[in-house]
Amino acid sequence: MSTTSLGTDTTPVVGGRAAAPTPTPLAGQPGVPFSRTYRAELRKMVDTRSGRWMVIVMAAAAALILAGFVIWGPAEDASFRGLLGLATLPLAMLLPIIGVMAATAEWSQRTGLVTFVLEPRRGRVVLAKALGALSLAVVVLAAAVAASALANVTGGTGEWDMTAAIAGGTVLALLVYVLQGVAFGLLFLNTPVAIVSVLVLPTVWSIATTAITSLQDVGRWLNLDTVTGPLFEGEMAGQDWARLATSAAVWVLLPLAIGTWRVLHREVK
Amino acid sequence: MITIENLTKRYGGFTAVDDISFEVRPGSVVGFLGPNGAGKSTAMRMMTGLTPPTSGRATLLGQTYREVHNPGRQVGVMLDASAQHPGRTGREVLRVAAVSIGVSKARVDEVLGLVGLTEEEAGRRVRNYSLGMRQRLGIAAALLGEPQVLILDEPANGLDPQGIHWMRGLLRRFADGGGTVLLSSHLLHEVQIVADDLVMIGRGRIVAMGSKEELLSRGGTTVRSTDDVRLASLLERADVPVTKIGSGLVVDAEPGVVGRIAADERVVLLELRSGGSEGLEEMFLGLTAATSREGDAA
């Protein structure tokens, strides 16, 4: 408080009574505890109309695909593993968009004027968003597992052909995609641009690395879709982990780092 | 308590806020008045840690914003009532803030009542809110953590005259309880109703500050009577400097002095008010004109 009383010598005072007691700030660490920031950010992902619809569309798409496959698909492929593979297709596409929206809303809807006033340490808000998106992905994935199991029992082969490697690989791959969504959201801080980029850029790159011979070697290391292939199959071996790490570093960690830097330094208007 | 010391913000060659200093003491409702683009919002964003100052600093309760423990419990902030996710309901906006601040759901209902948003309105999505309702929601969010300091950017914008008077009552009670309020406005008339003290800013610099009465009485007293010529000579005889203006006189004295002379000499007064040709209003209009001539700054 010494600096303030020094300040009053030179700083002109406006309003109030001189005799009024000087208020004291609440004691404690700056900002708010992380658990509350996390809960608030998680809640914000599903409490808007668009957020809720994303979850509903994902669930409906997965349910429709499962039902369709059980009814019309080749009966011998309708095992637990086959069904779960199908159910995760819409998730792999739509979960990153939830990540994007979580990251961009503060800027496109300007809610950052409230969020960053309640927690000025923006890095923690970014972390809460990333963890929130990952948590939500795990919940949605658990629902997909339950739906696939149900489909398997009711209309599938009833075969439980799932290995720990496939299960773990599927979870890891989906989490990488979700984090990529968050990273692209933070990088562009603009919802449409980030969504289009996260859907189109990897595809364009994928086509380029397949079509252009000179890019094929690079593609084996830097194509997220290719390197997550063995992960979904549960067949990660030798170089596969190094390839996954390289791709994830370029497609997820790099945009995440640049995007976080942008959020920390950008003026909130 | 809000302390601003030599706060400056430059964007390239443009100086949005130019070396402003003032302290708002507890118990006061201070209006931060200036035309659009004068630097009010930039200054308020610097106070709340959203914009890094080029130089100088702002402290709240003796701490910079980033040092404040649980800011929502100590400083209520509303920087733009329109900056809300349109897909959230009013109540949900407050619930999310309540999670972050760490206050109960009951407090959410309490502040909704405090700002006069009904149950039905709170359940509506912000998309369907009028500007006045968004202002009320923003003020509810600012009050949520029972703070000691309020920083509100254009809170009366979009409120009807009744709403502006309601806000005056709300902020007055807050200040009477020992709170500190700084609110901005680009409308003199509006801020005159809501605030007791004023800090006037134009093109990034503070041009005047003080109590409303003090600023309004600056430049003497304007008086108009049925016989201005006689009144002018009576005032001159009493050694009070008088200037003749378009309709009436500007007198360099308190309204009481002029009124007493008029009463003693039985001159019928048609108008008697604080503020002459150099009053707050003229000063404000001068600022507005100067700024608008320069085009839209910031």
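In chain B, strand S6(B) pairs with strand S7 (residues 180–185) in the parallel sense, over four bridges. The bridge partner of Leu152(B) in S7(B) is Leu183(B). The model is a predicted one. S6(B), helix H7 (residues 161–176) of chain B and S7(B) together form a right-handed β-α-β unit.

S5(B) also pairs with S6(B) in the parallel sense, again through four bridges. Here Val75(B) has Val149(B) in S6(B) as its bridge partner. In a regular strand, side chains alternate between the two faces of the sheet. S6(B) is covered on both faces: Val149(B) and Ile151(B) are buried on one side, and Leu150(B) and Leu152(B) are buried on the other. Helix H6 (residues 131–143) of chain B lies across S5 and strand S6 (149–152), and runs at about 160° to S5(B).

## The whole sheet

These strands belong to an open sheet of six strands in chain B, with the order S5-S6-S7-S3-S8-S9 and mixed pairing. Strand S5 (75–78) and strand S9 (205–211) of chain B each have a single partner strand, so one side of each has no neighbour in the sheet. On average, neighbouring strands of this sheet are turned by 15° against each other, direction ignored.

Val199(B) stands opposite Met209(B) in S9(B).

## Domains

The domain assignment divides chain B into domain 1 (2–215) and domain 2 (219–278). The C-alpha centres of domain 1 and domain 2 of chain B are 40 Å apart.

Key. Residues numbered from 1 in each chain as written. Chains lettered and ligands numbered in written order. Predicted model: local features only at pLDDT ≥ 70, side-chain atom pairs only at ≥ 80, totals over all residues. Pairing = 2+ DSSP bridges. Helix = DSSP H or I, 4+ residues; strand = E, 2+ residues; numbered from the N terminus. Axes fitted to C-alpha atoms, helices over the stretch in contact; angles between N-to-C directions. Contact = placed C-beta atoms within 7 Å. Domains from an automatic or database assignment. Buried ≥ 20, exposed ≤ 12 C-beta atoms within 10 Å, placed from the backbone. Right-handed = clockwise from strand over helix to strand, strands pointing away.
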